Amino acid sequence: MKRVLFVCLGNICRSPAAEGVFRHQLSAAGLEKRFLVDSAGTGGWHTGKRADPRMRAAAARRGLDLTSRARQLDAADLEHFDHILTMDAANLAAVQRLAQHVKAGGASRLAVVEPLVRYCQRGTPGEVPDPYYGGEQGFELVLDLLEDACAGLLQALLRSQA
Ligand code: 4NP
């Protein structure tokens, strides 16, 4: 069982969508029992909320049901998960800071932390851009990126398990 956590800032737009896209791909491949999937935000302002309605609507148009509730990343996540995938440079820096802190506390085994866009196959975007303050098209772009990156991630994780 591989444990995979997607992280963004608020856990109401990008990371719940990544979680939904990855779950959908796992289920299409009959692999859901081999993975534990979750998402979290580096900030806690939206804790307990469902994903942003604009993201839920864009996801629903692609047949994805986003059901997660926002939560804030915490130190235990660094030890509980095998892979943490971040959306942008700020998320990556925040998770790496927390990882340093957890490591300094004596943890022996920490998640591999890396940008999700590393797994994009159709291009080399620098980040999954924050769609929160933009228009509807931003949500479509995020979903396009996530579908590509999550497919690449799944292939890489399956290769590493082989
Ligand atoms: P997310 O988007 O990090 O993709 O969930 C955001 C959600 C909320 C805020 C910023 C980004 N906010 O400032 O409240």
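Strand β1 (residues 2-8), helix α1 (residues 14-28) and strand β2 (residues 35-41) make up a right-handed β-α-β unit. Keep in mind that this is a predicted model. The two strands, β1 and β2, run parallel and are joined by seven bridges.

Now look at how β2 sits in the fold. Five of its seven residues are buried, so the strand is largely enclosed by the rest of the structure.

That brings us to the packing. Nonpolar side chains in soluble globular proteins tend to be buried together. Here the largest nonpolar core has 38 residues, and F6, F22, F35, L116, L146 and L153 are the ones with the most contacts inside it. Elements that give two or more residues to this core are β1, α1, β2, α2 (53-60) and α5 (136-161). Of these, α5 gives the most, with 11 residues.

F22 is a handy residue from which to explore the packing. Leaving aside neighbours within four places in sequence, F22 is in contact with V4 and F6, with F35 and V37, and with C150, L153, L154 and L157.

On to the ligand. Which residues surround it? They are C8, L9, G10, N11, I12, C13 and R14, along with H46, D130, Y132 and Y133. A polar backbone atom of L9 is 2.9 Å from an oxygen atom of the ligand, and a polar backbone atom of N11 is 3.2 Å from a ligand oxygen. From D130 it is a polar side-chain atom that comes in, lying 3.4 Å from an oxygen atom of the ligand.

Stay with N11 for a moment. This residue is found in the loop between β1 and α1, and its phi is positive, at about 60 degrees, although N11 is not a glycine. Most residues other than glycine have a negative phi. Is N11 buried or exposed? N11 has a relative accessible area of 1%, so it counts as buried, the cut-off being under 20%.

How values were computed: Residues numbered from 1 in each chain as written. Predicted model: local features only at pLDDT ≥ 70, side-chain atom pairs only at ≥ 80, totals over all residues. Heavy atoms only, no water. Buried < 20%, exposed > 50% of the residue type's maximum accessible area, 1.4 Å probe, protein only. Helix = DSSP H or I, 4+ residues; strand = E, 2+ residues; numbered from the N terminus. Pairing = 2+ DSSP bridges. Right-handed = clockwise from strand over helix to strand, strands pointing away. Core = buried A, V, L, I, M, F, W, Y, C linked by side-chain atoms within 4.5 Å. Contact = heavy atoms within 4.5 Å. Near = heavy atom within 4 Å. Polar contact = N/O pair within 3.5 Å; in protein donor to acceptor, adjacent residues only side chain to side chain.
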